[in-house]
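Welcome, and please open the model in your viewer. We will go from stop to stop, with something to select at each one.

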Amino acid sequence: MITWNPALAKRHLRTLHDFTDEEMIQLLELAEALKARKDAGIRGDLLHRRNIALIFEKGSTRTRNACLVAAQDEGGNAEYLNQHDIHFGHKESVKDSARVLGRFFDGILFRGFRQDTVEQLARFSGVPVWNGLTDDHHPTQIFADLMTLRQNFGKDLHGRKIVYVGDGRNNVATSLMFGCAKTGVDFVNCTPTELLPNPDDVRYAIEIAQKNGSSVSIETDPKTAVRGANCLYTDVWVSMGEEAKQAERMRMLRPYQINMELCERTGNLGGDFIFLHCLPAFHDCETEFSKDTGALEVTDDVFEAPFSRVFDEAENRMHTIKALFVSAIGDPSKG
């Protein structure tokens, strides 16, 4: 029997702040239950006759396919709309588009540039809206990350330490900081001074972490930051839309590459230690971007190591997004 907190019905996920700390844990427990049912070969119908719009201004492998399979697994339908199908602010305002889409669909997942677009969709559509990525936040990724941490370290994550190494002010780093603070994980953002996160975000995350018995801190020296870490996490050095900054970012972030030496400095290699990356990753020479540069944010031996959990993490995008869909628009009578 699949059950969930009825208070999650019709809820938006614009940022992680839309869920209380307890509700985040409940969402993860629902994702774990849905995964167990799928692993057992049981097909559900919690989303029977539910229609979900997937609006993508930015392309994606994981988010798009995670959403499509998540909906289909529970008997729902997801319609993919790319930037050629939706022209926010060009042919039609976001406000008007939201009111139209809300008449057709039971929920909307948006992946794009401006956080304000998510806010307007949530305000005017009349249906639950989920943030699949904006320039400022990436909450759906963090649910998958936390699920992966729970799979490896148990459901109580207090006392575990995760160190994010790289661009410290991007959407993943910001959302991961809040996700760890809300679930009792010690979080360290290790980044150059030029890429420090928003000070207001850091102060707020520290307040949340203190309430949950954990810590949030900022470091600039990777060798110091990773000591005692149970997890090292990184992301690409140049985010979508920032390609003009490629040379500058590579110069700044070369010392922040996660390699085997840095993993060894955690003191936990061979024990309670994993590596995470939200993907795609430039860990070898097999992409157009990295064919001349070689490995960038992570070396191939780390990416392919037994302690790497990047593909579990990718799979968990599906389970956690399914939990978001089900908790917001699912039919409890079919549990």
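Start by selecting G75: just after helix α2, G75 takes a positive phi of about 80°. (Helices are DSSP runs of H or I with at least four residues, strands are runs of E with at least two, and both are numbered from the N terminus.)

Before moving on, note that this is a predicted model, where local features need pLDDT of at least 70, side-chain atom pairs count only at pLDDT 80 or more, and totals for chains, interfaces and linings use all residues. Residues are numbered from 1 along each chain as its sequence is written, and side-chain values use heavy atoms, leaving out hydrogens and water.

Next, select residues 62-73, which form α2. Color T63, A66, C67, L68, A70, A71 and D73: these are buried, meaning under 20% relative accessible area with a 1.4 Å probe and protein chains only. What do the buried residues of α2 pack against? Show α1 (21-39), β1 (51-56), β2 (77-82), β3 (107-111), β4 (129-133) and α12 (310-329) to see their partners.

Now pick W130, L149, I162 and F325, the residues with the most contacts inside the largest nonpolar core, which has 61 residues. Such a core is a set of buried Ala, Val, Leu, Ile, Met, Phe, Trp, Tyr and Cys residues joined through side-chain atoms within 4.5 Å. Helix α12 gives the most to this core, with 8 residues. Apart from it lies another core, of 32 residues, including V165 and M250.

Terms used: Expected span 1.5 Å × (residues − 1). Buried < 20%, exposed > 50% of the residue type's maximum accessible area, 1.4 Å probe, protein only. Contact = heavy atoms within 4.5 Å.
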